[in-house]
Each structure stands twice: as structure tokens, then as C-alpha cells.
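The stops below can be selected one after another.

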Amino acid sequence: MKKGNRGWYILFTAPLLVIFTTVVIIPFLIGIYYSFFEWDGIAANPKVFVGLDNFIRLFDDARFLKSAWITTVFTILAVISVNIVGLTAALLVTSKLRVANVARTLVFMPYLIGGLILGYIWQFIFLDVFTLIGDITGLDGIFFNWLMDMDYALYAMVFVFTWQMAGYVMIIYIAGIQGVPNDVIEAAKIDGATGWQRFRKITFPLLMPAFTISLFLTLSSAFKIYDVNLSLTGGGPANATEMFAMNIYNEIFGYGNYGFGQAKAIIFFFVVAAITLTQVYVTKKREVEM
Amino acid sequence: MKILSKYAKEVLLFLAALFFLSPIYIIIVNSFKNRQELYDNALALPEKFSFQYYTEAMEKMGFLSALGNSLYITILSVLIIVVLSSMTAWMLARTDNKLSNIIFMTFIATMLIPFQTLMMPLMQLMGTITNELHIPMFNTREGLIFMHVGFSSSISVFLYHGFIKSIPITLEEAATIDGATKFGVFWRIIFPMLKPITVTVMILNVINIWNDYLLPSLTLTDKGLRTIPLSTFYFFGEFTIKWNLAMAGLMLTIIPVVIFYVLAQKHIIKGIGEGAVK
């Protein structure tokens with residue numbers, strides 16, 4: 001690089017790099033360091049080096065293992081449900097229907113409202129409206145307060161998460177569907193392909209890039225869910241919905257186990273990275289070029 | 001047969017849209033009811049419309065101050081992100097050497113780090129900066145903005161970088177020959193061309209920063225500095241039993257979002273779509 005250019009290079013990149021390094025890179029490195037210590041977070045108290053003990057202890061922490069299991073179940077259900085609802089909505093709103101625009105606007109709106117507030121809204125609906133509908137219709141096997149039930153509370157989380165994310169992935173699928181060239185569809189029509197055949201043989205394969213990105217987004221945000229968890233169930237009843245992210249928060253700031261909690265946080269990073277990278281690798285391989 | 005299925009689709013979609021709207025209906029009707037009326041029938045229309053609970057909720061959650069804080073933090077963060085990440089992405093994309101590649105790859109790789117992995121060491125580091133360098137990172141809106149910018153930089157640089165790669169370099173070269181400085185080339189020629197991706201970067205970051213709860217909850221303890229998600233959280237801690245008041249509070253928090261959506265709807269949907277397929 002010429003000398004003058006080097007000056008410009010620094011001027012353009014340094015401000016962001018300084019902020020980025022301070023906020024992301026250094027804390028990440030310190031975080032790895034802390035995970036080898038036992039420490040209660042009070043500066044005056046000693047940090048005791050325990051090597052890999054924190055990581056070994058994780059496998060004895062029943063509550064952590066349970067939260068890992070719940071998070072996995074939640075993620076699988078949520079990814080399936082968000083993508084089915086999102087893709088269906090996208091297919092419906094891109095067909096020439098009169099209500100398409102209104103529907104598109106409304107389905108997307110929850111994503112803008114934000115997880116914490118959505119959680120509170122639905123807390124009220126499960127608490128009051130569900131029981132009311134149950135009373136009126138007599139269907140109190142379906143309409144009761146899901147949040148008080150050990151199993152249903154998790155489904156309530158899936159339900160609200162789907163509500164939040166479906167509109168977002170719908171937009172991604174719409175972009176994908178609009179990228180499918182019309183002449184190919186027309187040609188298939190002339191060749192006598194049925195609607196279902198056209199979807200399966202043309203639209204679906206060409207949607208693969210949209211699948212890659214939608215699955216990545218839903219997978220990682222389901223796995224990292226915190227806001228909705230906090231406001232909808234608070235992890236209850238009896239920790240039945242305490243997800244990974246909340247467990248880490250509670251371990252560090254709730255119980256003051258800074259080193260142990262940070263070890264969990266490091267494992268959390270590796271799990272998120274491994275899952276999402278595998279998914280992107282697998283779906284990318286199935287993408288086709290036009 | 002075909003007409004029937006089209007009709008069925010219309011109805012189906014209309015019902016789905018109604019279903020997505022129903023929580024808003026529930027919040028609105030109950031925000032006008034007193035407690036007895038709310039418990040009698042949460043679905044019915046209120047007997048009379050009075051804004052009593054709105055004024056009460058507004059006062060109890062410190063709504064106007066929270067709105068001001070949220071606006072200040074979101075707008076400033078997003079402006080800084082747009083300026084700094086577009087400049088950085090341009091330099092990285094146009095200077096094709098090892099260093100640029102390493103920096104860019106670092107940005108991409110860190111997108112995989114969940115916030116929970118960073119939150120504790122970040123708070124420790126911010127504490128050190130506050131105590132040793134006497135730069136107040138806690139309980140200042142500017143400290144929070146600094147952190148928001150840091151967390152948003154990866155995705156923003158990534159989006160800008162991808163877009164810049166698709167712009168031919170010849171225009172810049174011509175301007176350089178005409179004697180323009182790098183600064184001039186970027187701000188006069190390149191930045192205006194980045195408008196579509198700037199819209200995407202702005203929208204994604206506005207949504208993330210506006211709705212963020214965890215980071216502000218860790219850095220702001222002062223009541224007067226609370227953002228909207230933060231004041232909603234504390235409001236619910238104190239008034240959970242008074243659901244009618246809570247509904248008015250929730251409605252207040254949704255109103256700014258709806259206004260934003262109505263004003264920028266076209267850009268939001270297009271921006272999200274473009275950000276995703278990039």
C-alpha cells in the first residue's frame with residue numbers, strides 16, 4: 001500500500017475497528033479466560049484457577065442439562081412451525097389475491113413489536129382470553145392457561161415465537177418466490193405440469209437459497225431466545241421453560257457463579273456455531289443455479 | 001372449481017390476517033375497561049371509552065422519558081453505524097490484501113457469537129474503562145450507543161461489503177484521476193449509490209436496537225434513562241395484577257412502532273427482503 005493510501009485506510013476503518021474490538025473481540029477473549037476460573041464476580045474476591053473443572057461440572061448440572069434439552073425441543077418445533085407458517089403465508093400473498101397486501105402487512109407486524117412486549121401480550125391472552133374461550137365453548141381441553149402447565153408452557157413459547165418470526169421469514173420467502181423466473185413457470189404450464197408439480201419441481205428447488213437463510217435465522221434466534229422467554233413464562237412453571245440463554249443469565253447474575261456461568265456461555269457459543277454452520281453447509285449444498 | 005378455490009384462498013388469507021390482528025384487538029378493548037369489566041369478558045367491547053388508564057400508565061411507566069431515550073439511542077446508534085460501517089466496508093472491499101481479508105473474516109465469524117457469551121466479560125471491561133479511564137460507560141446513553149454500534153458492526157459491514165462488491169470500480173477510478181480525495185470519492189460518489197443497502201442496514205438496526213432489552217438492562221440502572229422495553233419490564237414487575245392498566249401501557253409501546261411501520265412500510269418490507277437475499 002502506498003503511504004498516502006495507508007493513511008486513508010486507517011482513517012476509514014479505525015473508528016469502527018476500535019469500537020468493534022472493545023465491544024466484541026476483547027470481551028470474547030476475556031470470556032474464554034474467565035471460564036477457567038471460579039469467581040463470584042466481586043472484584044476484591046480471588047479468582048481461583050480451576051482449569052477445565054467448570055466444563056466438566058456442566059455435565060453434573062441437572063438444571064443446565066434440562067435447559068439444554070428443552071432448548072433443543074423448542075428449537076426443533078419452532079423452526080418447523082415458523083417455516084411452515086411463513087412459507088404458506090408467502091405462497092398465499094404472492095398469488096393474485098385481493099387481501100394479499102393487507103395480509104402481508106399484518107403478518108409481518110409482530111416482528112416489529114419486539115419479543116418482550118409480545119410475551120406480555122400473550123401472557124394476558126393465555127391467562128384470561130384462553131380460559132374465557134374455554135368456558136364459553138366448553139373446549140377447556142384446548143383453551144386453558146397453557147403457561148401453568150409443564151408441557152403446554154413450552155408449546156406456548158413455540159406458538160408466540162411462531163407469531164413473532166413467521167412474518168419475517170415470509171418476507172424472505174416472498175423475495176425468493178419473486179426471484180423464480182416467470183417464463184420457466186409458463187413453460188412448465190404449457191408442458192402440462194400441475195400446480196403441485198410446478199411447486200415441487202421448479203419453485204421449491206429455486207427457493208433453496210431462501211431456505212438457507214430462513215433456517216439460519218430461525219435456528220439461531222430460536223436457540224438464543226431470551227426476551228419472549230423472560231416476559232411470557234419467566235422460565236416457569238418450575239423451570240420447565242428455562243432456555244439456554246436464561247439459564248446462563250441466571251447462573252452468572254442470579255447466583256453469582258461468574259466462572260461457571262461463563263463456561264456455560266462458551267459452550268453455548270460452540271453449540272450455536274456448530275448447529276448453524278452445519279445447517280448452512282447442508283442447505284447450501286442443495287442450492288441450484290439457474 | 002378454480003373460482004371456488006380462489007375464493008377459499010381469499011377467505012383463508014383474510015382469516016389468517018384477522019388472527020394476526022386479534023391480539024391488538026384484545027389489547028385495545030381491555031385498555032379501556034376497569035378491572036371488573038375486564039374479568040367479566042375480556043373479548044367484549046368496552047362500555048365506555050375513557051383514556052384514564054392511558055394517562056395513568058403513561059405516568060407510571062415514565063412513558064415520555066422512555067420514548068425520548070429510545071428515540072435518542074436508536075437514532076444516534078443507527079446514524080453512527082451507517083457512517084462507520086459503510087466507510088469500513090468500502091475500504092475493505094476496495095483494498096484487496098491480506099489485512100482486509102482478515103478483518104472482514106473476523107467481522108463475519110463474530111456474527112456467530114451469542115450475546116450471552118459476551119455479556120459478563122463486556123460488563124467487566126466496561127467497568128474497567130469507567131474506573132480506570134474515567135469514561136462513563138454505565139448509566140449513560142452514550143455508553144449504550146457505543147455498545148450498540150459495536151454489536152451491529154458485523155452484520156452492517158457484511159451487508160455493505162456484499163453490495164459494494166457489485167458496484168463497478170471504474171467510476172471511482174475516474175474521480176480519483178480527476179483529483180478527488182478518497183473522502184470525496186466515498187461521500188460524493190459511492191455513498192449515494194449505496195442507498196438501497198443503507199435503507200436495509202437502517203431498518204434491521206432500528207428494529208434490533210429499539211426492541212433490545214438485555215443490553216440496556218445491564219448498562220442502565222438510572223430510572224430516568226430507561227428505554228421503552230426497559231420501562232415496560234419494570235412496569236410489569238410492579239403492576240402485573242392490574243391488567244387493564246398493563247394493556248394501556250402495552251398499547252402505548254406499540255403506537256410508535258405502528259407509526260414507524262405505516263410511514264416506512266414499503267421500505268421495511270423491501271429492505272428486509274433485500275437484506276436476506278444478499
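This is a predicted model: local features need pLDDT of at least 70, side-chain atom pairs count only at pLDDT 80 or more; totals for chains, interfaces and linings use all residues.

Residues are numbered from 1 along each chain as its sequence is written, chains are lettered from A and ligands numbered from 1 in the order in which they are written, and side-chain values use heavy atoms, with hydrogens and water left out.

**Stop 1: chain A**

Along the sequence the order is α-β-β-α-α-α-α-α-α-α-α-α-α-α. The C-alpha trace of chain A spans about 75 × 75 × 30 Å along its principal axes. Of the 290 residues in chain A, 54% are buried (buried means under 20% relative accessible area, with a 1.4 Å probe and protein chains only).

**Stop 2: helix α5 of chain A**

Select residues 115-137 of chain A. This helix, α5, has a kink of about 35° centred on A:Phe126; the bend at a residue is the angle between axes fitted to the seven residues ending there and the seven starting there. Because 17 of its 23 residues are buried, α5(A) is largely enclosed by the rest of the structure.

**Stop 3: α4 and α9 of chain B**

Select residues 63-94 (α4) and 182-193 (α9) of chain B. They pack at an angle of about 105°, with axes 12 Å apart. Axes are lines fitted to C-alpha atoms, for helices over the stretch in contact, and angles run from 0 to 180 degrees between N-to-C directions. The angle therefore makes α4(B) roughly perpendicular to α9(B) (65 to 115 degrees). Show side chains at the contact (heavy atoms within 4.5 Å): those involved include B:Trp90 and B:Met91 of α4(B) and B:Phe186 and B:Trp187 of α9(B).

**Stop 4: α6 and α7 of chain B**

Select residues 115-132 (α6) and 141-165 (α7) of chain B. Here the packing angle is about 140° and the axes are 13 Å apart. The contact is made by B:Phe115, B:Leu118, B:Leu122, B:Met123 and B:Met126 of α6(B) with B:Phe146, B:Met147 and B:Phe151 of α7(B).

Definitions and conventions. Helices (H or I, at least four residues) and strands (E, at least two) are DSSP runs, numbered from the N terminus. Angles under 35 degrees count as roughly parallel, over 145 as roughly antiparallel, 65 to 115 as roughly perpendicular and the rest as oblique. Buried means under 20% relative accessible area, exposed over 50%, partly exposed in between (1.4 Å probe, protein chains only).
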